[in-house]
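Please look over the entry shown here, and then read the questions and answers that go with it.

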Amino acid sequence: MSEKQKQNTEASVEGNINPDMPPEPEIEEVPEVVDSAEETGKAAKRKKSTKKMSNRAYLKALEKLEAELVHLQSWVIRKGLKVILVFEGRDAAGKGGTIKAITARVSPRVFRVVALPAPTDRQKSQMYVQRYISHFPAAGEVAIFDRSWYNRIGVETVMGFATEDQVQHFLRMTPMFEKAAVKENGIILLKYWLEVDMDEQARRLEARITDPRKQWKLSPMDLKSYSRWYDYSRARDRMFKETDTHWAPWFVANSNDKKRVRLNIIQHILNSIPYEVPKDPKITLPPRQKRGDYKEPKLTLKRVPEVY
């Protein structure tokens, strides 16, 4: 950790977000990296010559980051931090793989993944964010939302599941809702948008069609959303414009290379939440008890065939 991070460790929960975050943009501005779908595609094509990261280099870098995530986990528990990570993006943008990389070596009791199904009739009658708030973290927890309340401006807007009045209300209320979560409840909120270009998205969706291991990921909704690329672009731009705030900014990650985006996001999380690395405890295994009068019984048990 940098000396700056160590100095900031004892700051208030409100100050846990890295002070080097960019200032709040003007309301008319949209992040330059995603001004339009056309520009996103052009930028991606310019980067196509970039060599893909090797699996060996990826695993080596990931191993170091996983160790730091364990240190962060200890700090979250020790300080009673409440963290929310929001992952949004088009279908096949790499949200699931990134979340798996984050959670692979940490406790599922601390790093909880929230991936909610379609709302029930009862939930539809509730306040829109109610079913999401019930999954918010308590002290010492990290809640990871694989899609979140931003479904309203995403799939619900594009597919016509929400009215324009509902969408406008959502965009008007969300910054205030998130400000209350951050400023009044001490939640550290990091929102990530994974940006994938047209060609790469098509390649990944085609792989889901042909690979039996991935077919479960493909839904009729994916196919419908695939055909509405520019509707999603408009919804995304509108979302950025109205909900990219100083207290809850959006962070856009290029996800055309799955390995790199996972590493980049994990590193960003570690940089955004100041923490201290605990000293390694001295742990030794205690001696085993003696056999005493124990005798292994003769039981007829069904065994798993050793095929491999």
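This is a predicted model: local features need pLDDT of at least 70, side-chain atom pairs count only at pLDDT 80 or more; totals for chains, interfaces and linings use all residues.

Residues are numbered from 1 along each chain as its sequence is written, and side-chain values use heavy atoms, with hydrogens and water left out.

Q: How many aromatic pairs does the count come to?
A: Rings of Phe, Tyr and Trp (its six-membered ring) pair if their centres lie within 6.5 Å, and planes under 30 degrees apart count as stacked, over 60 as edge-to-face and the rest as tilted. By this rule, the number of aromatic pairs is 16.

Q: What kind of aromatic pair do Y150 and W250 form?
A: The centres of Y150 and W250 are 4.8 Å apart, with 70 degrees between the planes. Y150 sits in the loop between β3 (141-146) and α7 (155-158), whereas W250 is in strand β5 (residues 250-254), 100 residues apart; helices (H or I, at least four residues) and strands (E, at least two) are DSSP runs, numbered from the N terminus. The pair is edge-to-face.

Q: Why is the pair of Y192 and F251 tilted?
A: Y192 lies in strand β4 (residues 187-195) and F251 in strand β5, so the pair ties together parts that are 59 residues apart in sequence. The ring centres of Y192 and F251 are 6.0 Å apart, and the pair counts as tilted because the planes are at 40 degrees.

Q: Is Y192 buried or exposed?
A: Buried means under 20% relative accessible area, exposed over 50% and partly exposed in between (1.4 Å probe, protein chains only). Y192 has 2% relative accessibility, and therefore counts as buried.

Q: Which residue lies over the face of W229?
A: A charge sits over a ring if NZ of Lys or CZ of Arg is within 6 Å of the ring centre and within 35 degrees of the ring normal. At 3.5 Å from the ring centre of W229, the residue over the face is R90.

Q: Which residues have the most contacts inside the largest nonpolar core?
A: A nonpolar core is a set of buried Ala, Val, Leu, Ile, Met, Phe, Trp, Tyr and Cys residues joined through side-chain atoms within 4.5 Å. The largest one has 36 residues, and its largest share, seven residues, comes from α3. Those with the most contacts inside this core are F87 and I269.
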